[in-house]
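Biologist: I would like to learn how to read a structure. Can we go through one together?

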Amino acid sequence: MRILKAIVVSSVLALLLMSTLSVAYAQDEESFIRAAVLSKRDALILSVIYPGLGQMTSGQKIKGATIFLAETVSLVFAINSHENYNTKKKVYDSDLSSYNKIALSGDGRYSETSQIYNDIKSQSDDLDNLNTIRNAAFISAGVVYAYNILDVLLKSSSCDNVSA
């Protein structure tokens, strides 16, 4: 799972680096030889594929790069938070199971039981915080995605006859 996570993160970072470099080179419009006509539908399709692509190809390069970066950071943060939550949840479940075994056995190991209880309480608080962070990251990724789509749909000027 960690290998897959490393591959996904490195791929996203490589894509981000390539897109920001292309945006930097694309700022000089006269340097482009070919001019492409981009319809609003094409910009929408590109924005649905990944946020910011439609804006970058319709001439709003800075806005597109910003949306692209915001979505990428949100997704990386959400995936990382989700992995941390799952890892800590497994530890919490294991400690809770051992606590319940000690409590049900009635061996009278009060100090050990008290220590495990305090650890479980602390882990529960950490899980609540991680869950909040994870949800916030997924919500921010969704908000960026929705803004991206609305920006393309409600753009006042048509994308037709815009050089890419």
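**Reading the chain**

Modeller: Start with S47, which is buried at a relative accessible area of 0%. Buried means under 20% relative accessible area, exposed means over 50%, and partly exposed lies in between (1.4 Å probe, protein chains only). This is a predicted model: local features need pLDDT of at least 70, side-chain atom pairs count only at pLDDT 80 or more, and totals for chains, interfaces and linings use all residues. Residues are numbered from 1 along each chain as its sequence is written, and side-chain values use heavy atoms, with hydrogens and water left out.

Biologist: Which residues does S47 touch, not counting residues up to four places away in sequence?

Modeller: Contact means heavy atoms within 4.5 Å. By that rule S47 touches G54, Q55, Y145, N148, I149 and V152. With G54, a polar atom of the S47 side chain lies 3.3 Å from the backbone nitrogen.

Biologist: Where does S47 lie?

Modeller: Helices (H or I, at least four residues) and strands (E, at least two) are DSSP runs, numbered from the N terminus. S47 sits in helix α2, residues 40–49. The chain has five helices and zero strands.

Biologist: How many salt bridges does the structure hold?

Modeller: The general idea comes first. Side chains of opposite charge can pair when their charged atoms come close. A salt bridge is a side-chain nitrogen of Lys or Arg within 4 Å of a carboxyl oxygen of Asp or Glu. This structure holds three.

Biologist: What does the salt bridge of D151 and K63 tie together?

Modeller: Their side chains meet at 2.8 Å, N to O. D151 lies in helix α5 (residues 110–153) and K63 in helix α4 (residues 61–105), so the pair ties together parts that are 88 residues apart in sequence. D151 is buried at 12% relative accessible area. K63 is partly exposed at 30%.

Biologist: What separates K89 and D93?

Modeller: About one helical turn, because they are four residues apart in helix α4. K89 is partly exposed at 29%, and D93 is partly exposed at 36%.

Biologist: And D42: which residue is its salt-bridge partner?

Modeller: R41, with the closest N and O atoms 3.5 Å apart. D42 is partly exposed at 26%, while R41 is exposed at 57%.

Biologist: Now the whole chain. What share of its residues count as buried?

Modeller: Of the 164 residues, 27% count as buried.

Definitions and conventions: Polar contact = N/O pair within 3.5 Å; in protein donor to acceptor, adjacent residues only side chain to side chain.
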